2 protein chains.
Amino acid sequence: MSPPALHPANLNPNKGKDEPFILPPGVTSAQFSRFLKRCREICGVENVKVVEAEEQLVDGSYYEPNKTHDMHHIVDRNYFVCSATISPRAVPEVQDMMRLCNEFEVPVWPVSIGRNTGYGGAAPRVPGSIVLELGKHMNRVLEVNAEDAYALVEPGVTFFALHEYLEKNNLKDRVWMDVPDLGGGSVLGNTIERGVGYTPYGDHWMMHCGMEVVLPTGELIRTGMGAMPNSRDDVTGIRPDEQTPNRAWQLFNYGFGPYNDGIFSQSSLGIVVKMGIWLMPNPGGYQAYMITIPTDKDLKSAVDIIRPLRTQMVLQNVPTLRSILMDAAVSNPRSHFLKEDRPFTDAELDQICKDLDLGRWNFYGALYGPEPVRDVLWSTIKQAFSVIPGAKFYFPEDRKEPFSVLKTRSLTLQGIPTFDELRWVDWLPNGSHLFFSPIAKVSGDDAMLQYSVTLKRCLEAGVDFIGDFVIGMREMHHIVCITFDKKNEESKRRAHWLIETLIKDCAEYGWGEYRTHLAVMDQVALTYDFNDNAQMKLNEQIKNALDPKGILAPGKNGVWPKNYSKEEWRIPKSVTLDKPQQTLSRKGSGWRTPEKL
Amino acid sequence: MSPPALHPANLNPNKGKDEPFILPPGVTSAQFSRFLKRCREICGVENVKVVEAEEQLVDGSYYEPNKTHDMHHIVDRNYFVCSATISPRAVPEVQDMMRLCNEFEVPVWPVSIGRNTGYGGAAPRVPGSIVLELGKHMNRVLEVNAEDAYALVEPGVTFFALHEYLEKNNLKDRVWMDVPDLGGGSVLGNTIERGVGYTPYGDHWMMHCGMEVVLPTGELIRTGMGAMPNSRDDVTGIRPDEQTPNRAWQLFNYGFGPYNDGIFSQSSLGIVVKMGIWLMPNPGGYQAYMITIPTDKDLKSAVDIIRPLRTQMVLQNVPTLRSILMDAAVSNPRSHFLKEDRPFTDAELDQICKDLDLGRWNFYGALYGPEPVRDVLWSTIKQAFSVIPGAKFYFPEDRKEPFSVLKTRSLTLQGIPTFDELRWVDWLPNGSHLFFSPIAKVSGDDAMLQYSVTLKRCLEAGVDFIGDFVIGMREMHHIVCITFDKKNEESKRRAHWLIETLIKDCAEYGWGEYRTHLAVMDQVALTYDFNDNAQMKLNEQIKNALDPKGILAPGKNGVWPKNYSKEEWRIPKSVTLDKPQQTLSRKGSGWRTPEKL
């Protein structure tokens, strides 16, 4: 199999009239036609939608994303495109679809909701794959157990939907959920992609418990205690039917023998169709806060203050340290602050800080527990941060403005979903974005160096630095938000160059990405190259064993089945940057350069 | 390949003079001789020890266990026996050994320290396997990073050794470790078997971070961020050599792509040769406590009180609720309390409680943090438990006796290893033990029912009920300690019957074991039988892909490679119980029966 060019080489000459404009690799128009017939038999006519023409590739919005391609297309819009979207109505249909795809050797790209925003959305890695849209029909909250503090969800349950469920059933007093920046994504999908939120339960993967998975061959497994099917009813002594799940499925992760859950995260080894997620018992009190850090250089002190507080759980949740432009972008588009197409000067950034009454870096956290506990924690935190000259401390009620990031974060940090963070995507016209998200030790030196390295490249690419540090237990996810104008080819080219260059630069320092966009999955995978890519060889061995025909999400996270040549399918190196927007000769202009940090 | 009978069918007629008395299945005496020669070339002559004769099967003690077989042999002592113990000196020797074992098709059973006590010790599942004793030479604490609160250890680092390292380097003020009941085991070995301890870091598997693993073929991988090898030095910009580990290896578990660590736990897919483990920052204050529960029936209330306190983290650590005989057994052997070979009566148990000033159940926990925080937590805990009539509250200093379980637990709960819990193993003469450890929801009903079901079978088998409930985040491990006299065939037979029967009974209620002894691994694996054992089929597929010759730990946790017939290798059902020691007709004698609970 050879890859389509950026404009797919395997365009279907018969496109239209129920024929896709792009076919799965190696599949003929006639074969695909027979395949579609069978899909309709399995999932119902109304649940099979063929992408007949380029014109169907309408981006939509975050609220209503198209499931055919990446809304934030960083390469040609027509590249990461599916041949059809198919929406199974229940688990047996997912199983049947997997058997069918094996029969026809059609690659499948499963999505829950398709809002994997900044990482490729609903788009498949291999053009012409079918998108299996799990969340459309399989969207039930199967259980919320407030006593044991967990939920069991299907792929289509969004953070908003789970929140609504808790509200409707008056469960919010008992259990809180965790939510990432945006509430529209799938709880299950976000978790298996190892996304994070910001409450004490922010490490979603750590907080998942028990999964039901359709394997590439269509086989169905339950992991952990779910593999022990039945519970005899305590009182009646009656064995319930085969489908009754084990009562400890959402209570204990590991079960017996090899603990397999991890191989189904960021992976192409199975389709997760049910997942347990732990909820946080209502902590009995809550207070969000913000600490503003006035200067860029005090990023170092701030991070060094954060580390011991976090490991000691004085900082109970996953807090964030956000650069000024991230908060500015939530308030207004770029044009509000600067009309010209050039980087902000230091003076301009300081002016924005002054106007918004924020620091160059702003720290968002929350206190959980009864008041006496919160008081002890808050006084410790205040004392620690007070060594930073000019640091200021705010509770949401201290802020006068009608809208503030602190007010939004105050919701997020108690697990109430919002859409507010969407606003920074519109920093540029036709606003689109990519995330660059390397992992580092929680240290001031690492933060400064990472900031400096990324800022330098942002300036070269003419992209504003918008980033934050998300503090996990012992590491930080540095999330660099690369914004671009998707209708401007030069803007896309620069964004693509930027992420490729950052991956390369950061790998030199040992900073690896925790997750990435389709277009650079191969590149990131190659940076994890200990012992001649031994880990990738392991991944491939398992892939080939479980998915011998290589039909499930080929290429996902750089793992290619044996029937694909990964060299051929690699996305071509985007570009070299012809004209860096910032060069050393322009230092005098007041542009910030890393050397000044 | 067919299994040896309980007395191995493949006894080596040439045994002695450097020939093992039992050979690996399918390997001739001549082949094994050539194999040994190569082993000596790889690991050094002094590191290859052949088990030439039955007489070498000396059990030893916990302090100095023999690595040739199971010290607590529940089946024939000569059954779970190795042909030779081989002690590699470094990782490349482990890799070479795996390549050699593939060449000769000799099964390998890796152990760290070999103290997997109650679950099979150092013994291999397949008689005649070689035991690869990793911990003998590979026993360095490679790093303790107090700033980021982790350690990187080799297989031979025991909890005692790590404790000593922290003491010697004056690190105890900064970081605490977690320790299981006994301190002599391997930190790495315990963690990959998913053992637990009792501090807030008691879930060892959850707290591990980053591994180096030799795959069955001899390939070496590092997981998580370890797969990204180099960190450019921040200051010099120099790339260190290939072996320099990534600085985030012990900080962030998941890395990029499928998260593989879990498949190396309780598994036969790789040999873990290095592992990171998170340490707990010194919490700034500590107080152990005990709460005595006077009656058996209040086990129910106690567990229902515990559940919400634990999920809310008012109970910060992994606490335990111990039956009276467990604490009694730590103080004295059975004969001290009862001369006759019959179960204790209720009155006798109450008398023991009175003598030892304990309850029928005793709850051990600890408070962590500065005094004001501990005070808030303690008053909440006291208030909650005060609804139990007669419940009493103790700090260690409240106890007058020179030795008490509370004083031992006070060490354990701050991560200081002891050997004190060894004492209960000597409950019977020639004291040996097995653990039966099902998982259940943290609920009073489950606890009572599980107690009742297990007690009933204990009485039938004539085994005293010695057990405790270990409370995880949302589940409890019920650890039933089955003690037996290993020199008494009838005692062994009864213990074996008991564990088999308990596995069967508990599976009916949906309670599955988290870990088990070699002799019943197949039986437990079969209870996890959702969808016609779909999980086991998955495990086997991965096993066969990564270990095509089936040489690494065949049969571990019930996973058999394709070159073994699992039916043939199953341990024969031990026995039926000819004469239950307790029958309904004897109810009147005062023996406790489940119906009375």
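Guide: A residue counts as buried when its relative accessible area is under 20%. The model shown here is predicted.

Visitor: What makes helix 12 of chain B largely enclosed by the rest of the structure?

Guide: Of its 18 residues, 16 are buried, so helix 12 of chain B is largely enclosed.

Visitor: How do you know that the length of helix 12 (residues 444-461) of chain B agrees with its number of residues?

Guide: At 1.5 Å a residue, helix 12 of chain B should span 26 Å, and its end C-alpha atoms are 25 Å apart, which agrees. After this helix comes G462(B), with a positive phi near 70°.

Visitor: Why is helix 6 of chain A called oblique to helix 12 of chain A?

Guide: Helix 6 (residues 299-311) and helix 12 (residues 444-461) of chain A pack at an angle of about 140°, their axes 7 Å apart. Angles over 145 degrees count as roughly antiparallel and 65 to 115 as roughly perpendicular, so helix 6 of chain A is oblique to helix 12 of chain A. The crossing of these two helices is right-handed.

Visitor: Which residues of helix 6 of chain A meet helix 12 of chain A?

Guide: They are L299(A), K300(A), V303(A) and D304(A). By class, the contact has 5 nonpolar, 1 polar and 3 charged residues.

Visitor: Why is M313(B) called partly exposed?

Guide: Its relative accessibility is 37%. M313(B) sits in the loop between helix 6 and strand 13 of chain B, and its phi is positive, near 65°.

Note on methods: Residues are numbered from 1 along each chain as its sequence is written. Chains are lettered from A and ligands numbered from 1 in the order in which they are written. This is a predicted model: local features need pLDDT of at least 70, side-chain atom pairs count only at pLDDT 80 or more; totals for chains, interfaces and linings use all residues. Side-chain values use heavy atoms; hydrogens and water are left out. Axes are lines fitted to C-alpha atoms, for helices over the stretch in contact, and angles run from 0 to 180 degrees between N-to-C directions. Helices (H or I, at least four residues) and strands (E, at least two) are DSSP runs, numbered from the N terminus. Angles under 35 degrees count as roughly parallel, over 145 as roughly antiparallel, 65 to 115 as roughly perpendicular and the rest as oblique. A crossing is left-handed if the near helix is turned anticlockwise from the far one by less than a right angle, and right-handed if clockwise. Contact means heavy atoms within 4.5 Å. Ala, Val, Leu, Ile, Met, Phe, Trp, Tyr, Cys and Pro count as nonpolar, Asp, Glu, Lys and Arg as charged, and the others, Gly among them, as polar. The expected span of a helix is 1.5 Å times one less than its number of residues. Buried means under 20% relative accessible area, exposed over 50%, partly exposed in between (1.4 Å probe, protein chains only).
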